[in-house]
Amino acid sequence: MNSNYLQTPITYLKGVGPNRADLLGSELGISTYQDLLNLFPNRHIDRTQFYKINQLERSNADIQIIGKIIHIKTVAQKRGSRLVAKFIDDTGEMELVWFRSQKWIRENLKLNTPYVVFGRVNWYNGKFSMAHPEMEILKNQQPAKRLRMQPVYPSTEKLSNSGVTNRMISKFVLQLFEETGGLFQETLAPDILDTLKLVPKRVALRAIHFPDSQEELARARFRLKFEELFFIQLQLLMKKQRRQQKIRGFNFEKVGDLFNGFYEEHLPFELTSAQKKVLREIRADLGSNAQMNRLLQGDVGSGKTIVALMSMLLAIDNGYQACLMAPTEILANQHYNSLKELLGSLKVSIELLTGSTRKSDRKRIHEALENGELHILIGTHAVLEDKVVFKNLGLAIVDEQHRFGVAQRSRLWHKNATPPHILVMTATPIPRTLAMSLYGDLDISVIDELPPGRKPVKTVHRFDQNRLKVFQFIRDEIKKGRQVYVVYPLIKESEALDYKDLMDGYESIARDFPMPDYQISIVHGQMKSDAKDYEMNRFIRGETQIMVATTVIEVGVNIPNASVMIIESAERFGLSQLHQLRGRVGRGAEQSYCILMTGFKLSSEAKTRLETMVATNDGFEIAEVDLKLRGPGDLMGTQQSGLLQLKIADIIKDSDILNTARFYAKKVLEQDPLLEMDQHRSVRQAYSEITKHKNIWTYIS
Ligand SMILES: Nc1ncnc2c1ncn2[C@@H]1O[C@H](COP(=O)(O)OP(=O)(O)OP(=O)(O)O)[C@@H](O)[C@H]1O
């Protein structure tokens, strides 16, 4: 059947008509045959199973029982009356109850006749009862012909008042199968179907709506999940393939004097083997003639900065410029300072460009970039402005990509006629399955080892009541020469309130830690950036011992002497944010501590978050829990990707299917990069429909 047929407006389906079509459109977003076909049921009610009355439990929903009515009475109650029937089977008795339309029911109910009753069971007044059951007379010991597994469509339970009922949708879908004959085109290649024993498309579509058994439903679901993930992977791999074939990158052939000189003379420590491995991967990319698009994942404090710097040196050795873009001014500043320090006496020019760079400096930087005198530019998104023109940008590094989004990444691409190599660094560990579906078009490197000698941060959860003890602990640490962060939550919607929390907190800390013995810095989002810098720098230089801050401090700040992180109202933070914050300590040789402060009242999810933080320091483990708690849609950066609006597969639970799908998508493309072979005809057709409609579920016919 051709795909145009399925684009027929739903109003033409028999029984729908314009009014219901409007309702379907407004309530469920269904406007074509295809939309209806793709409205997969959330679940099915299994009408193949029967209960006995003595098997009932207090809250059985959607169950059916065979029995008969032996007695009917009307019971008066405050408002109106109710009809009560005594219903028995060979194991016990229960009540069937009606509150409305009793006359008609009373007249039609038959005594001592076998019925199948269906509905939700309640426990009321010491008895089981079922209100307003669906009823059907049992003929020849068999229920009359009906669906064995009844589909329950998404939202229809909520919508029953709007006139869209579940029964109606299921009738329309049946009608759709009738009109189309259910002859939907296959979309997968025959050998994949064979090897994985997948059911054909038309069978799967029928069975996802109207299965005859649980097994049939499971096979249909598996096939459709596989298909969904397969085409997502195929898309990502095709994109990557196209990039590698078409877009030639700058070729950084040589490992020159700067890189070698730095490695031999300026490296302040031995690289970890994970850092070395990642550098090898990056070097291989840069010298491969293809354009690099690599995601560098490394847990907090794993040492990404040095990897970034050495990659930039490779660019400069080969006559190109490099830039590093950070999400906040504080971070850009910090990168600039630490890179400058690492470079020491090496002959490399480096500048910082942010929103607060003075006009005259800005002009000088622009000129030096254009004439090629400037080797490395560090900055915020100010780097993306059109006025910023490079002579030959060879490598662009983006720190903390989720703050930038894909659109900004692509602006970097267009800074040259030939796109620069791109390295995206993130400290938010992304579980592998998710990374694969999100960044399948990027290559991934992981620094999975911390520099030696790091002691894991000790994390504890304390209630606000114990604040005095916590303060005493802070005093002791400060006495030992350490520094302390106290962080307050910041939630955009109530900035004023947050600000008040922060200021109250600051005052109370100032009372308990009075000058001149203690000096306190404060940094928050509403401060001007030079004031922020001033306060930051006092803390960095060790002039202040306590830093009171909002989450502006969250990413990337590197002050090894700070060894205590107090997080106020810790229940208000997400897991990955808590982990990021904790990552600000434990960066030096001293034992560090993270103290999560909360009140007594905690939701169970908040408890899980706090327990997870106390139990582990491993960013990947934390990311897995986070993903389970919040779902992928919420994970930073995934919203824009659009890739995760999965219809049937679940990126976490179906990670095995995802891996299989990726394996086969790869295999198909290795064999047949342009999908030209006969055996891939169905895949090719489906793929071109997807790219046309930008939605993998519109090609389904
Ligand atoms: N191989 C190493 N041996 C010893 N110390 C190292 C090593 N690599 C990095 N460091 C030090 O570890 C600290 C953290 O490194 P860096 O700031 O690069 O971490 P990061 O990966 O950027 O972490 P974050 O994402 O939390 O900012 C720095 O003080 C750095 O000098």
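Analyst: Two strands pair if DSSP finds at least two bridges between them. The strands themselves are DSSP runs (E, at least two residues), and helices are runs of H or I with at least four residues, both numbered from the N terminus. Residue numbers start from 1 along each chain, as its sequence is written. The model is predicted, with local features needing pLDDT of at least 70, side-chain atom pairs counting only at pLDDT 80 or more, and totals for chains, interfaces and linings using all residues.

With β13 (residues 376-379) the pairing runs over 4 bridges. With β14 (residues 393-399) it runs over 5 bridges. Q321 has L393 of β14 as its bridge partner. C323 stands opposite L377 in β13.

Buried here is a matter of counting: 20 or more other C-beta atoms within 10 Å of the residue's own, with 12 or fewer making it exposed, anything in between partly exposed, and C-beta atoms placed from the backbone. In a regular strand the side chains alternate between the two faces of the sheet. In β11, Q321, C323 and M325 point one way. A322 and L324 point the other way. All of these residues are buried.

Helix α12 comes next, at residues 329-343. The covering of its buried residues includes β11, and also α11, β12 (350-353), β13, β14 and α18 (529-540). The buried residues of α12 are E329, I330, L331, A332, N333, Q334, H335, Y336, L339 and L343. α12 has 15 residues and spans 21 Å from its first C-alpha to its last. That is close to the expected 21 Å, a figure given by 1.5 Å times one less than the number of residues. After α12 comes G344, with a positive phi near 50 degrees.

Another strand gives a parallel case. β19 (residues 520-523) has both faces covered. I520 and I522 lie on one side, S521 and V523 on the other, and all are buried. β19 pairs in the parallel sense with β20 (residues 546-549) over 4 bridges. There, S521 has M547 as its bridge partner.

Now the loops. F250 is in the loop between α8 (214-246) and α9 (257-266). F250 counts as buried because it has 23 C-beta neighbours inside 10 Å. Beyond four places in sequence, F250 touches Y320, G394, T418 and H421; contact takes C-beta atoms, placed from the backbone, within 7 Å of each other. G394 falls within β14, residues 393-399.

G301 sits in the loop between β10 (293-298) and α11. Why is G301 counted as buried? Because 22 C-beta neighbours lie inside 10 Å. Leaving out residues up to four places away, G301 touches L450, G583, G586 and R587. G301 and V585 are 284 residues apart in sequence, yet 8.9 Å apart C-alpha to C-alpha.

T32 lies between α1 (17-28) and α2 (33-37), again in a loop. T32 is partly exposed because 19 other C-beta atoms lie within 10 Å. Its contacts outside four places in sequence are L6, Q7, T8, P9 and I10.

The ligand site brings α11 back. 19 residues surround the ligand, and the closest are G303, K304, T305, A427 and P451; a residue is near the ligand if its C-beta atom, placed from the backbone, is within 6 Å of it. Helix α11 (residues 304-317) gives the most to this shell, with 3 residues. By class the shell has 7 nonpolar, 10 polar and 2 charged residues. Nonpolar covers Ala, Val, Leu, Ile, Met, Phe, Trp, Tyr, Cys and Pro; charged covers Asp, Glu, Lys and Arg; the others, Gly among them, are polar. Domain 3 (257-447) and domain 4 (458-616) each supply at least three shell residues, with bounds from an automatic or database domain assignment.

Last, the whole chain. It holds 24 helices and 22 strands. Of its 701 residues, 38% are buried. Among contacts with a separation of 6 or more, 72% join residues 24 or more positions apart.

How values were computed:
Two residues are in contact if their C-beta atoms, placed from the backbone, lie within 7 Å.
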